[in-house]
Amino acid sequence: MRSPAKNKLKNKRGNILTENIIFIILNLVFLSILIVFLVSRMGAAAVLEEMHAKQIALMISAAEPGMTIHLDMEKAINIAKKEGINLDDVVTRKDNLITVKLREKGGYSYSFFNDVDISIYPDTTHPEDVTDYVIKINNYKNE
Amino acid sequence: MNKKGDKLISVYWFAILFIVAAGIVYMVSAFYGKPYDIREAEADILTTKIAGCISEAGYLKEGVLTENFRENFAEICTINFQVEDAYGWRDRGQYYVEVEFLDFGTGQQVFEASEGNSGLKPDCELEGKTLPVCIERSFYSIDENGNQYQVNILSIVRKTEKNVQ
């Protein structure tokens with residue numbers, strides 16, 4: 001039969017181990033929530049919409065007829081697919097306004113000043129793995 | 001006694017963790033909450049485009065110093081300052097570009113042309129991040145008769161609401 005002193009020591013050890021495990025788990029949970037928050041902010045649809053709309057507007061403003069630009073938009077395309085947005089509607093152009101839309105209730109527009117006629121479409125060279133958009137500068141509008 | 005001390009340390013540990021996390025969350029929100037300010041890049045591109053429109057390889061292009069160029073500046077240089085219908089931008093132009101030709105010898109203005117909202121120009125004298133971005137560049141050029149010019153280009157982009165917070 002075990003002595004009461006030995007039993008007490010064993011209980012104490014058990015308590016210390018449980019407390020430490022709970023402490024470590026809580027720390028890990030806390031840090032995981034923080035990391036999830038950071039990643040979600042960095043790759044947020046709203047941030048990507050703004051970034052790509054401005055990026056495309058700048059590229060078109062600086063481009064000249066005959067140019068073909070391939071823009072890597074893999075992250076944005078993945079978000080759009082998850083949100084059920086048709087890839088043809090992700091990047092659209094109306095007059096000289098570029099709109100990038102990755103969510104049903106979202107979208108960001110930015111204008112460019114180069115008076116050119118352009119075509120924008122997803123690069124479907126590999127239909128199962130679309131990662132790029134093609135921006136084709138056709139010609140100046142007044143030509 | 002030791003156990004009490006351990007518990008106290010873990011409370012402080014979580015307090016510190018919470019403060020650090022709050023700091024990170026605040027900084028990340030502040031960074032990603034702010035819009036990307038691309039106005040300087042836009043103004044630079046506009047300046048380059050206008051420079052390419054009036055001069056090539058150091059020589060003024062044909063028909064630049066004419067009334068037709070002044071009247072059809074936007075069309076000739078293929079610029080379109082139409083903007084999105086947001087923040088009342090349609091009523092108040094968001095771009096202005098002005099090109100000025102000075103006689104290289106005397107410094108006298110011989111020709112000028114402009115396009116856009118000239119009301120933005122006085123803001124260039126002021127300082128502040130919610131004001132339009134103004135970029136002024138100069139270069140030297142000669143015409144087919146060998147006359148020398150200093151060409152000054154002033155490009156202004158406003159679009160404050162979408163670029164500054």
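## A sheet in chain A

Two strands pair if DSSP finds at least two bridges between them. This model is predicted. Strand β1(A) and strand β6(A), residues 132-140, pair in the antiparallel sense over five bridges.

## Where two helices meet

α2(A) also meets a helix of the other chain. Its counterpart is α2 of chain B, residues 39-54. The two axes come within 9 Å and cross at roughly 10°. Angles under 35 degrees count as roughly parallel, and α2(A) and α2(B) are therefore roughly parallel to each other. The crossing of α2(A) past α2(B) is left-handed.

Which residues make the contact? From α2(A) come L58(A), S61(A) and A62(A). From α2(B) come A41(B), E42(B) and I45(B). By type, the residues of this contact divide into four nonpolar, one polar and one charged.

## The wider interface

The two chains touch through 24 residues of chain B and 27 residues of chain A. On the chain B side, α1 (2-33) and α2 are the elements that give two or more residues. α1(B) gives the most, with seven residues. The chain B side divides into 16 nonpolar, four polar and four charged residues.

## Strand β6 of chain B

Is β6(B) mostly covered or mostly open? This strand, residues 148-157, is mostly covered: seven of its ten residues are buried.

β6(B) pairs with β3(B) and with β5(B). Nine bridges join it to β3(B), residues 95-103, and the two run antiparallel. Here L102(B) has Q150(B) of β6(B) as its bridge partner. Ten bridges join β6(B) to β5(B), residues 133-142, again in the antiparallel sense. E136(B) stands opposite L154(B) in β6(B).

β5(B) and β6(B) form a hairpin with five residues between the strands. In this hairpin, G146(B) takes a positive phi near 85°.

Key:
Residues are numbered from 1 along each chain as its sequence is written. Chains are lettered from A and ligands numbered from 1 in the order in which they are written. This is a predicted model: local features need pLDDT of at least 70, side-chain atom pairs count only at pLDDT 80 or more; totals for chains, interfaces and linings use all residues. Helices (H or I, at least four residues) and strands (E, at least two) are DSSP runs, numbered from the N terminus. Axes are lines fitted to C-alpha atoms, for helices over the stretch in contact, and angles run from 0 to 180 degrees between N-to-C directions. Angles under 35 degrees count as roughly parallel, over 145 as roughly antiparallel, 65 to 115 as roughly perpendicular and the rest as oblique. A crossing is left-handed if the near helix is turned anticlockwise from the far one by less than a right angle, and right-handed if clockwise. Two residues are in contact if their C-beta atoms, placed from the backbone, lie within 7 Å. Ala, Val, Leu, Ile, Met, Phe, Trp, Tyr, Cys and Pro count as nonpolar, Asp, Glu, Lys and Arg as charged, and the others, Gly among them, as polar. A residue is buried if 20 or more other C-beta atoms lie within 10 Å of its own, exposed if 12 or fewer, and partly exposed in between; C-beta atoms are placed from the backbone.
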